[in-house]
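Dear colleague,

I am handing over the structure below, and after it you will find a description of what turned up when I went through it. Please keep it open while you read, so that each place can be looked up as it is named.

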Amino acid sequence: MNFRIIIPVLAALAVASCGSRGGNQQQPGPGAPGPQANVTPSVEVVSASARDVAQESTYSSSVEAYATNNIMPQTGARIRKINVEVGDYVVKGQVLAEMDRLQLEQLELQIQNDEIEYARLKGLYEEGGVSQSDFEAAELGYKVRKTNYQNLLENTILRSPINGFVTARNFDVGDMFAMSAPLFTVQQVVPVKLLVGISENEYTKVKKGDTVSITVDALPGRSFTGRVSRLYPTINAATHTFNAEVVVQNADRALRPGMFARVTVNFGTNHRIVLPDRCIVKQEGTGQKFVYLLNNDDTVSYVPVTIGRHIGSEYEVVDGVAEGATVVSKGQATLKDGVKVVVLN
């Protein structure tokens, strides 16, 4: 057999076979999309509606005692008796402690003697037995000693000047009070007050007597009502806030000084457009907020907006969207200004 003839024949048959397979490959049908076909984005939309929106802001604060009194005598003395402990609720005028009474008892005896002498001199003066100057000198001395006695009495028998809780006791019975610290601290908690730092932008919107709502972490589920009792006249240059003093009656004494509180202030209402928060898109790198509006020809327009308060799952829109406008609420990721869309809902 002549191999030089067979090899060229086999090669020709192989080439013919490859060509036959290539010619039978299935081509795309006329209705099938090509690899670069454009797909129209699908979106969902909502209609922009307006309603009254409460202009509320919440600020952090701490509950404070309405009044705090440090109880102590004017001079050093030994503590004779203590009647209350930390945590006790005391009323105005209640005796908290007694100091050494030696000086008080001595002055009390002197006053009793002065009363007798004053009465005797007054009788003599009325009968002409004592000159006016002597009688007036005796009368003045008697009144001065009575005043000293009242002052010493107040600094020997220590009473509470307010209703409140004893929040500190710094000495024990038998200690020599040396005026290094108050003997007691009493804090008034009916009512309590809070100092609230409010943004200077709201300065003209807050009035004395305005009602605010208060919650505290220590009492979950409870809400308290307070009133603005005082507005501080200056703005803090560092924080750009001003202080409003809020008073809460706290009749049940539930609020205690030091509790962390959240104070919600209502500045009135505005009639504004409200949109679901999923409608608002944030522009990367700028912080600019925008929405896509659906036009009559099913194209969308890119529109910057100014948003206000976040209300649950909605945003107040201050500017950029008119009432009744159709706003894209889902599918914004693939959109560009002027793109035609398909509305699903």
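Let me begin with a loop: the one that runs between strand E12 (241-248) and strand E13 (260-276) contains Arg-253, and in this residue, which is not a glycine, phi has a positive value near 60°. Please bear in mind that this is a predicted model.

Next come two helices. Two packed helices are described by the angle between their axes and the distance between the axes. For H2 (102-127) and helix H3 (residues 132-154), the angle is about 155° and the axes lie 9 Å apart. Angles over 145 degrees count as roughly antiparallel, and H2 and H3 are therefore roughly antiparallel to each other. Their crossing is left-handed. Among the residues that meet, H2 contributes Leu-104, Leu-107, Ile-111 and Tyr-118, while H3 contributes, among others, Phe-135, Tyr-142, Tyr-149 and Leu-152. Sorted by class, the contact of H2 with H3 holds 12 nonpolar, 4 polar and 7 charged residues.

Strand E3 (77-82), like H2, supplies at least two residues of the lining, and the lining as a whole is made up of 6 nonpolar, 5 polar and 3 charged residues.

With best wishes

Terms used:
Residues numbered from 1 in each chain as written. Predicted model: local features only at pLDDT ≥ 70, side-chain atom pairs only at ≥ 80, totals over all residues. Heavy atoms only, no water. Helix = DSSP H or I, 4+ residues; strand = E, 2+ residues; numbered from the N terminus. Nonpolar A, V, L, I, M, F, W, Y, C, P; charged D, E, K, R; others polar. Axes fitted to C-alpha atoms, helices over the stretch in contact; angles between N-to-C directions. Parallel < 35°, antiparallel > 145°, perpendicular 65-115°, else oblique. Left-handed = near helix turned anticlockwise from the far one by under 90°. Contact = heavy atoms within 4.5 Å.
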